[in-house]
Amino acid sequence: MRKDGFYVQLHLHTSETSRCGVSPAAEMARACKAAGYDLIAVTDHFFNANIGCSPRLPWRERVDYLFRGYYAAKAVGDRIGLEVIRGWETYTDGPELLTYGLDESFLLDNPDIAETPYAEYIRRVTEAGGLIVHAHPYRRAWYIPDFKPDPDSVEAYEVYNHQNQSPAFNRRALEEAEAHGLLKLAGSDAHHAEDVRGGAMRFSRPVHSMAEIFQALREGDGEIIETLD
């Protein structure tokens with residue numbers, strides 16, 4: 001833990017799971033530790049997004065594949081003193097949602113979860129105790145259809161995404177989050193170990209889960225750091 005706070009990275013991908021991932025999980029974990037993070041979340045792409053496995057695999061094998069990057073990062077993190085939690089990034093009717101706090105048991109009980117519509121996905125996840133952050137709500141790219149973000153459907157926005165190509169994407173997300181009283185988070189969206197320093201968050205005290213992060217933010221703790229020096 002740095003002397004001036006507890007540093008968290010909430011959005012990154014690994015080559016073990018995400019088809020677009022460049023760096024393996026071990027390299028990502030070591031880069032995050034070197035950057036000064038105390039806790040990271042591995043949020044590889046979900047079954048309806050850019051995951052690397054075949055949709056023809058048995059469901060249990062697909063679930064195992066989703067968390068390959070997480071377990072590889074955690075194994076390194078346990079050795080070097082870096083906390084690692086898990087999540088995933090969906091592609092649901094256009095909006096991409098970062099989901100935290102759930103594990104294999106939820107997915108095994110919900111084998112159709114990747115095909116459920118946006119509102120149904122949110123209902124099932126939240127009823128199971130999961131926490132959702134709308135990732136880069138105003139990003140525009142060739143792979144993202146036109147949609148209007150719905151601030152009433154989630155509690156939190158990723159208002160700073162380090163990989164957004166235009167500052168306007170982050171600015172509009174921040175404006176809407178503030179207008180609707182949403183929790184404001186940041187993430188690197190790193191696919192390469194060189195990019196993990198962007199989109200950090202600093203807390204005044206240690207936080208060890210997404211539930212604790214949400215609670216700290218509700219209490220007014222938590223600062224967005226665009227790039228760690």
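User: How many bridges join β3 to strand β4, and do they run parallel or antiparallel?

Analyst: This is a predicted model. Strand β4 covers residues 97–100. The strands β3 and β4 are joined by three bridges and run antiparallel.

User: Which strand do seven bridges join to β3?

Analyst: The two strands in question run parallel.

User: How many of the seven residues of strand β3 are buried?

Analyst: Strand β3 runs over residues 83–89. The strand is mostly covered. Its buried residues number six.

User: Is Gln 9 buried or exposed, and why?

Analyst: Gln 9 is found in strand β1, residues 6–9. Its neighbours include Tyr 37, Ile 40, Gly 187 and Val 196. A residue counts as buried under 20% relative accessible area. Gln 9 has 0% relative accessibility, so it counts as buried.

User: Which residue's backbone oxygen lies 3.3 Å from a polar atom of the Gln 9 side chain?

Analyst: Gln 9 touches several residues, among them Gly 198, Gly 199 and Ala 200. The backbone oxygen at 3.3 Å from the side chain of Gln 9 belongs to Gly 199.

User: What is the nearest side chain of opposite charge to Glu 158, and how far away is it?

Analyst: Glu 158 lies in strand β6, residues 156–161. Glu 158 is buried, yet it has no salt bridge. A salt bridge needs the charged atoms within 4 Å. The nearest side chain of opposite charge is Arg 139, at 5.8 Å.

User: With which side chain does the side chain of Glu 158 make a polar contact?

Analyst: Glu 158 touches residues including His 11, Leu 98, His 134 and Gly 187. Its side chain also makes a polar contact at 2.9 Å. The partner is the side chain of Asn 161.

User: Which element gives the largest share of the largest nonpolar core?

Analyst: The largest nonpolar core has 48 residues. Trp 88 and Tyr 121 are among those with the most contacts inside it. Elements supplying at least two residues each include β2, β3, α5 and β6. The largest share, six residues, comes from α1.

User: How many residues are in another core that lies apart from it?

Analyst: This other core has Phe 6 and Val 8 among its members. Ala 41 and Val 133 belong to it too. The count for this core is 24 residues.

Note on methods. Residues numbered from 1 in each chain as written. Predicted model: local features only at pLDDT ≥ 70, side-chain atom pairs only at ≥ 80, totals over all residues. Heavy atoms only, no water. Helix = DSSP H or I, 4+ residues; strand = E, 2+ residues; numbered from the N terminus. Buried < 20%, exposed > 50% of the residue type's maximum accessible area, 1.4 Å probe, protein only. Lys, Arg positive; Asp, Glu negative; His and termini not counted. Polar contact = N/O pair within 3.5 Å; in protein donor to acceptor, adjacent residues only side chain to side chain. Contact = heavy atoms within 4.5 Å. Pairing = 2+ DSSP bridges. Core = buried A, V, L, I, M, F, W, Y, C linked by side-chain atoms within 4.5 Å. Lists of a residue's contacts leave out its neighbours within four places in sequence.
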